[in-house]
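These are my notebook entries on a single protein chain. I record what I looked up and what each search returned.

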Amino acid sequence: MTRIIGITGGIGSGKSTLARCFVEHGVPVFDADAISREALMPSSECFADAITLFGPEALREDGTADRSYIASCVFQDAALRDTLNAVIHPYVIHELIRLTEACSSPTAAWDVPLLFESGLDAFCACTVAVLCREEARIARAMSRDGASEEQIRARIRAQITDETREQLATYTIRNDGTIDAFRKETDILIEQILEELK
């Protein structure tokens, strides 16, 4: 049976870099965000229920979901966000389990921003949280996503704090310095985790 490593971290923390490092160490990584995007595709069984929550404004002219509009709504309305998650999360969980069962690796990683909030940590043999100073996270996310500072701060407020992640995670790693320093730290940590999961 494949042992699952849960990867999490707030927006702009460097979680995706950590996930790529796991791949470089031969560990397949399954991305919950990518599956969530699939859930908002017209071909998905979740699509109609998700769009109904937001009304016709959530549809582009070509009939696809306006993800920017949906994101702006859910990061301002916690109840709406919870309702959308209730629609999408069963699909995400099903796909993560299906992909993991189909892989032949003894270990796999799940890249899940809301790992603890969604309860997906219950499937994991261990969890890793990437921690980072908030101002650095904001700067990275603004540069990467083209979003405003207020939009990024709204997303940060919608997630649990780094203090909570640190309390809940099996392992933590900080990403406050250079990318080279972070990658060196991740290599050491990944080798430790893989050794302990043998």
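**Entry 1: pocket lining**

I began with the second largest pocket, where strand 1 and helix 5 (78–102) each supply at least two residues of the lining. Helix 5 gives the largest share, three residues. Helices (H or I, at least four residues) and strands (E, at least two) are DSSP runs, numbered from the N terminus.

I note the basis of these entries: the model is predicted, local features need pLDDT of at least 70, side-chain atom pairs count only at pLDDT 80 or more, and totals for chains, interfaces and linings use all residues. Residues are numbered from 1 along each chain as its sequence is written, and side-chain values use heavy atoms, with hydrogens and water left out.

I listed the lining as Met 1, Thr 2, Arg 3, Ile 4, Ile 97, Thr 100, Glu 101, Trp 110 and Phe 123. A pocket here is an open set of points on a 1 Å grid over the protein atoms alone, where a 1.4 Å probe fits, with protein on both sides within 12 Å along at least five of seven lines; lining residues have an atom within 4 Å of a point. The space in this pocket is about 190 Å³, a volume being the space filled by probe spheres set on grid points joined across faces, edges and corners. By class, the lining holds five nonpolar, two polar and two charged residues. Ala, Val, Leu, Ile, Met, Phe, Trp, Tyr, Cys and Pro count as nonpolar, Asp, Glu, Lys and Arg as charged, and the others, Gly among them, as polar.

**Entry 2: aromatic pair**

I searched the whole structure for aromatic pairs and found one. Trp 110 and Phe 123 form this pair, which is tilted, at 5.6 Å centre to centre and 45 degrees between the planes. The criterion takes rings of Phe, Tyr and Trp (its six-membered ring) with centres within 6.5 Å; planes under 30 degrees apart are stacked, over 60 edge-to-face, and the rest tilted. The pair links distant parts of the chain, with Trp 110 in strand 3 and Phe 123 in the loop between helix 6 (115–118) and strand 4, 13 residues apart.

Are the two partners buried or exposed? Trp 110 counts as buried because its relative accessibility is 0%, and Phe 123, at 39%, counts as partly exposed. Buried means under 20% relative accessible area, exposed over 50%, and partly exposed in between (1.4 Å probe, protein chains only).

**Entry 3: strands**

I then followed strand 1 (residues 3–9): six of its seven residues are buried, so the strand is largely enclosed by the rest of the structure. Strand 1 runs parallel to strand 3 (residues 107–111), with five bridges, and Ile 4 stands opposite Ala 108 there. Two strands pair if DSSP finds at least two bridges between them.

Five bridges also join strand 1 to strand 4 (residues 126–131), again parallel. Gly 6 faces Thr 127 across this pairing, and Ile 7 has Val 128 as its bridge partner. Val 128 is also the bridge partner of Tyr 171 in strand 5; strands 4 and 5 (residues 171–174) run parallel with four bridges.

In strand 4, Cys 126, Val 128 and Val 130 point one way, Thr 127, Ala 129 and Leu 131 the other, and all are buried.

**Entry 4: whole chain**

I counted 10 helices and five strands. Buried residues make up 45% of the 198 residues.
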